[in-house]
Amino acid sequence: SKLYMSAEEIGELSRVSVKGVSSEVFTLHAAPHANVERIVPRIVVIPGNPGVISFYFSFIRHLYKLCHGQVDIIGISHAGHDGSTPYIFSVEEQIQHKIDFLLQMRADHNRSPLILIGHSIGAYIAIKVQKRCPDLVISNIVCLFPTIRDLYQGLSPIVKVAILPGARHGLSWMLHVLPTSVTTRVLARISTLSDEARYVTASKLNRHLVHNILYMAYTEGQEVLEIDAEVMSIMQDHHTRMLFLYGRTDQYTPLSFYEELRTQFPGAGGIELAPEGVAHAFVLKHSEVVAERVAQFVMQFHTVEEIQQLQR
């Protein structure tokens, strides 16, 4: 693990085993208070696809600061998205991976309420986790640019070809034969990523990672169709404690999805549009503005009184 100590680069990046699957975890712990035993909310960030947690460093750090260091924040990579295994994981297996991780984490922090933040397909995974694991104390779910329906329609024609079995195998092996200098230059073009995030991502960029990204996208397109019964059930029962943040020009979640959801759930905790110009891949340029809205939502619920009420 590595501990980042500067003001901009706080947090601990480590590897944990989740049912035998090596997984990267990025953690920021709540600021300690002397002689005070506190129940601290734990925010768990579930990424989109790619599920490389280094893309979320900036968002997690901004969120931590905006919550005044009063929460634990844990970002968990997707299984196989650290480039460490040749095994490929479907979206269903990613849901189980997050359930296993949260149950594993609960053993050490049984009383802490959980706030799940899911980005893109991570929102779908977060909702499925709550439905399938009701024993977890999940107080809120934040869905950022959520792909909870008709995902395949949002894929570009190139991606629709790239995720097919033959194509994804070919692309994975093509990356394998490319010199490291080429992949490093590609990452360098993402100028909005910090040097730290580029370094961490480059260190794991290999054919196993690419194959996992493409295979997961393939299974997403096969499985995320209409809003299914599990997702609808959670939305009906918990919508007052959920935040949905949609993009204004998002090919994966067009405005019609946002408008239909607002009509269907007028009493939801928040079904909102992100500020103008914030893209689906918000972590590349707009981590701070998204973190501001998420922090407002979290702090709205998680006063000391609210936390105590959750534990009664």
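Lys19 is exposed, because its relative accessible area of 68% lies over the 50% cut-off. The model is predicted. Lys19 sits in the loop between β2 (11–18) and β3 (21–28). Its phi is positive, about 50°, although Lys19 is not a glycine. Most residues other than glycine have a negative phi, and most peptide bonds are trans.

Ser120 lies in the loop between β6 and α3. Is Ser120 buried or exposed? Ser120 counts as buried, because its relative accessibility of 10% is under 20%.

The other exception concerns a peptide bond. From Asn49 to Pro50 the bond is cis, with omega near 10°. Pro50 belongs to the loop between β4 and α1 (57–66).

How many of the residues of β6 are buried? Six of six are, so strand β6 (residues 114–119) is mostly covered. Both of its faces are covered. Leu114, Leu116 and Gly118 are buried on one side. Ile115, Ile117 and His119 are buried on the other.

β6 pairs with two strands named here. Strand β4 (residues 42–46) runs parallel to β6, and five bridges join them. In this pairing, Ile43 stands opposite Ile115 of β6. β7 is also parallel to β6, with six bridges between them. There, Leu114 has Ile138 of β7 as its bridge partner.

## The cavity

Rolling a probe the size of a water molecule over the atoms shows where empty space is left. A search of the whole structure finds one cavity of 30 Å³ or more. The largest cavity holds about 40 Å³ of space.

Which residues line the largest cavity? They are Gln130, Ile138, Ser139, Asn140, Ile141, His238, Arg241 and Met242. Strand β7 (residues 138–144) gives the most to this lining, with four residues. By class, the lining has three nonpolar, four polar and one charged residues.

## Cysteines without a disulfide

A disulfide is a covalent bond between the sulfur atoms of two cysteines. This structure holds zero disulfides.

Where do Cys133 and Cys143 stand on burial? Cys133 is buried, with a relative accessible area of 9%. Cys143 counts as buried as well, at 0% relative accessibility. Both values fall under the 20% cut-off, which means that both cysteines are classed as buried.

Technical notes: Residues are numbered from 1 along each chain as its sequence is written. This is a predicted model: local features need pLDDT of at least 70, side-chain atom pairs count only at pLDDT 80 or more; totals for chains, interfaces and linings use all residues. Side-chain values use heavy atoms; hydrogens and water are left out. A disulfide is a pair of cysteine sulfur atoms within 2.5 Å. Buried means under 20% relative accessible area, exposed over 50%, partly exposed in between (1.4 Å probe, protein chains only). On a 1 Å grid over the protein atoms alone, a cavity is a set of points where a 1.4 Å probe fits but cannot get out, and a pocket is an open set with protein on both sides within 12 Å along at least five of seven lines; lining residues have an atom within 4 Å of a point. Grid points are joined across faces, edges and corners, and a volume is the space filled by probe spheres set on the points. Ala, Val, Leu, Ile, Met, Phe, Trp, Tyr, Cys and Pro count as nonpolar, Asp, Glu, Lys and Arg as charged, and the others, Gly among them, as polar. Two strands pair if DSSP finds at least two bridges between them.
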